[in-house]
Structures are given as C-alpha cells and as structure tokens.
Amino acid sequence: MSVLVVTGTDTGIGKTVFAAALAGALGGYYWKPIQAGVDPEGDSETAARLSGLAPGHILPEAYRLTTPASPHLAARIDGVEISLDRLALPRVDGPLVVEGAGGVLVPVGETLLMADLFAHWGVPVILCARTGLGTINHSLLSIAALRARGVPIAGIAFIGDPHAENERIIPVLGKVASLGRLPYLPALDPAGLADAFAAGIKLPAA
C-alpha cells in the first residue's frame, strides 16, 4: 500500500480539490482523518463529488467534528477527545491519499500538531501552496517545520494563477521537487478537474 499525505501552507488554499484529483488520478482511496466543520459539506463529500472514485473509495473520517475550527478547538467544543490510536492509517488495497486539516502546524490536541502526526505516520507529504503574495514565507516555513520533524516531502504543488518567480524560487530555496501547478477552474467537475490535474501536475515518483 502506497500512502501520500496532502497538506497545505494554510487553510482554504484548495488542498481538498488537489487531494480529490490526486486520489482520482491514482485510482486510489481518499481519507480525511479529522474533519472540522461540515457546513455546507465536509471535505469527504467534496472529494466524493470531484474525484470520480467509487463511493467505497472515500473512507469515513475518524473524527467528524461540527465546528469549523482547528481540530483541538473543534474537539473541545464538541466534547470529543482525539486519540492517536484512532488516527492509525487504514489498510486498503491500493494507493491511499490522506488529507490533513488546515496547515502544517495546526494543533490536533494540546501536545500534538499536524506535522507531528505526519512524522508519526512516516509517509511522504505533498505540500500545497498558493501562488500569490506571501506564499514564499508560508511555504518555506512549512517546509522547515516538516523537515525538522523528519517528515519526507514528496514535493510542492502550487494552486492558483501562474506566478513564475514564486513557482521557481520556492523549490530552489526549500530544496524540494516542484510537482507543478493546478490552476483555478471556472467550474469544478470531475472531468474538468482530472484534465487540469493531468496537464499541470506531475505525480511524485513512487
């Protein structure tokens, strides 16, 4: 079983769309271990709608929290305690794409960050980043946080309108592979997303 984790430099940058497209391109499985906020839909529903995968390839969340907040706060508000045991990677008969919650240093609990969870899993991470202003700082800080914990980085994927210099300098300074860029799409549907992903993104080496 091959596993890729999709994380981001921030929340709301398009990593769910990227993760859905990646899972679809691999013909694999999608798993969002911690969902915080389900209005109007959770990320699993978005992935089911956009990936083109069969329903059984969208795995149920370990935690489905109602409050749109960082996992540690959403769990506290919902009266739930997040356990590392329940966050063990599920076994599936194909590639598994795991989507993190928020950015790299979002807290899962009082003593556990998303990056710590990735280090616990010990599997490669794809970092999704905006192309626009501020992305150099956010991307390099995220790369440094992952590397400090020994998390293997499969590459960085940019999301948004083209910005040649940001897309060039971040992989150089961060010493990571560039996987390309997924553009903003005027409408999101499985076929259009799959075509844009295939045209703009290079899958990391196995």
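The model is predicted, and local features need pLDDT of at least 70, side-chain atom pairs count only at pLDDT 80 or more, and totals for chains, interfaces and linings use all residues. Residues are numbered from 1 along each chain as its sequence is written, and side-chain values use heavy atoms, with hydrogens and water left out.

User: Why is Asn 166 called buried?
Analyst: Asn 166 has a relative accessible area of 8%. Buried means under 20%, exposed over 50% and partly exposed in between, with a 1.4 Å probe and protein chains only, so Asn 166 is buried.

User: What does Asn 166 touch, not counting residues up to four places away in sequence?
Analyst: Asn 166 touches Thr 131, Gly 132, Thr 135, Ile 136, Phe 158 and Pro 171; contact means heavy atoms within 4.5 Å.

User: Why are α1 and α2 called oblique to each other?
Analyst: Helix α1 (residues 15–26) and helix α2 (residues 43–50) pack at an angle of about 45°. Angles under 35 degrees count as roughly parallel, over 145 as roughly antiparallel, 65 to 115 as roughly perpendicular and the rest as oblique. The pair is therefore oblique.

User: Which residues of α1 and α2 meet?
Analyst: Thr 16, Val 17 and Ala 20 in α1 meet Asp 43, Thr 46, Ala 47 and Leu 50 in α2. By class, this contact has four nonpolar, two polar and one charged residues. Ala, Val, Leu, Ile, Met, Phe, Trp, Tyr, Cys and Pro count as nonpolar, Asp, Glu, Lys and Arg as charged, and the others, Gly among them, as polar.

Note on methods. Axes are lines fitted to C-alpha atoms, for helices over the stretch in contact, and angles run from 0 to 180 degrees between N-to-C directions. Helices (H or I, at least four residues) and strands (E, at least two) are DSSP runs, numbered from the N terminus.
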